[in-house]
Amino acid sequence: APPVAFILLPLFALLLKLAYIRHDVFYAEHLVLALHNHSFLFLALAVGIPLDLAHEYIGPVGEALDTALELWILVYLFVSLKRVYRQSYPKTLLKYVLLFFCYGPLMFFGLMLGLLFGILTL
């Protein structure tokens, strides 16, 4: 997954550039935000792995923490767009949803290619 995310990082920055085309922001600045958000996502997922493994030991508390972590990821990514681009909540929410629906399939396709490449190189 990390090499795939590294390859998809410029594509996410390009999607940000298209979503915020009327802003006077360079592509490199979009790339910095994309790198920041991907780093946060990897950190949050790294924290989530032990929570997933500990579900049978800590029960419903683990599920609640896992759900809170997933919500925190979604909120954090929204807030990062809101703070960096300084648009209204409705505009930010619209662009957030559009970015999710555009980048989600790209990430899925990239992960499938990474999985296929991993299987073929065994």
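Modeller: Here is a chat about the labels and the values behind them.

Modeller: This is a predicted model, where local features need pLDDT of at least 70, side-chain atom pairs count only at pLDDT 80 or more, and totals for chains, interfaces and linings use all residues. Residues are numbered from 1 along each chain as its sequence is written, and side-chain values use heavy atoms, with hydrogens and water left out.

Colleague: What makes up the secondary structure of the chain?

Modeller: Five helices and zero strands, running α-α-α-α-α from the N terminus on. Helices (H or I, at least four residues) and strands (E, at least two) are DSSP runs, numbered from the N terminus. The C-alpha atoms fill a box of roughly 50 × 40 × 20 Å along the principal axes.

Colleague: Why is histidine 30 called buried?

Modeller: Buried means under 20% relative accessible area, exposed means over 50%, and partly exposed is in between, using a 1.4 Å probe and protein chains only. Histidine 30 has a relative accessible area of 0%, so it is buried. Histidine 30 is in helix 2 (residues 27–53). Setting aside residues up to four places away in sequence, histidine 30 touches Ala13, Leu16, Lys17, Tyr20, Val25 and Tyr85, where a contact means heavy atoms within 4.5 Å.

Colleague: And leucine 33, buried or exposed?

Modeller: Leucine 33 comes in at 7% relative accessibility, so it counts as buried. Leucine 33 is in helix 2 too, and with residues up to four places away left out, it touches Leu16, Ser80, Leu81, Val84 and Tyr85. Across the chain, buried residues make up 30% of the 122 residues.

Colleague: Why is phenylalanine 42 called partly exposed?

Modeller: Its relative accessible area is 37%, so phenylalanine 42 is partly exposed. Phenylalanine 42 lies in helix 2. Phenylalanine 42 and alanine 5 are 37 residues apart in sequence and 9.7 Å apart in space, C-alpha to C-alpha.

Colleague: How do you know that arginine 86 is exposed?

Modeller: Arginine 86 has a relative accessible area of 73%, so exposed it is. Arginine 86 sits in the loop between helix 4 (60–85) and helix 5 (89–120). Its phi is near 50°, a positive value in a residue other than glycine.

Colleague: What makes lysine 95 worth a look?

Modeller: Lysine 95 is buried yet has no salt bridge. A salt bridge is a side-chain nitrogen of Lys or Arg within 4 Å of a carboxyl oxygen of Asp or Glu. For lysine 95, the nearest side chain of opposite charge is aspartate 24, 14 Å away; Lys and Arg count as positive, Asp and Glu as negative, and His and the chain ends are not counted. Lysine 95 is in helix 5. Leaving aside neighbours within four places in sequence, lysine 95 is in contact with Ala19, Tyr20 and Gln87.

Colleague: Which residues form the nonpolar patch on the surface?

Modeller: Leu11, Leu14, Leu18, Ile21 and Tyr27, with about 460 Å² of accessible area together. Patches are made of residues with over 30% relative accessible area and no salt bridge: like charges are joined within 9 Å, nonpolar side chains (Val, Leu, Ile, Met, Phe, Trp, Tyr) within 5 Å. Accessible areas come from the Shrake-Rupley method with a 1.4 Å probe; for residues, only the protein chains shown count as cover. Leucine 14 is at 41% relative accessibility, so it counts as partly exposed. Helix 1 (residues 2–19) gives the most to the patch, with three residues.
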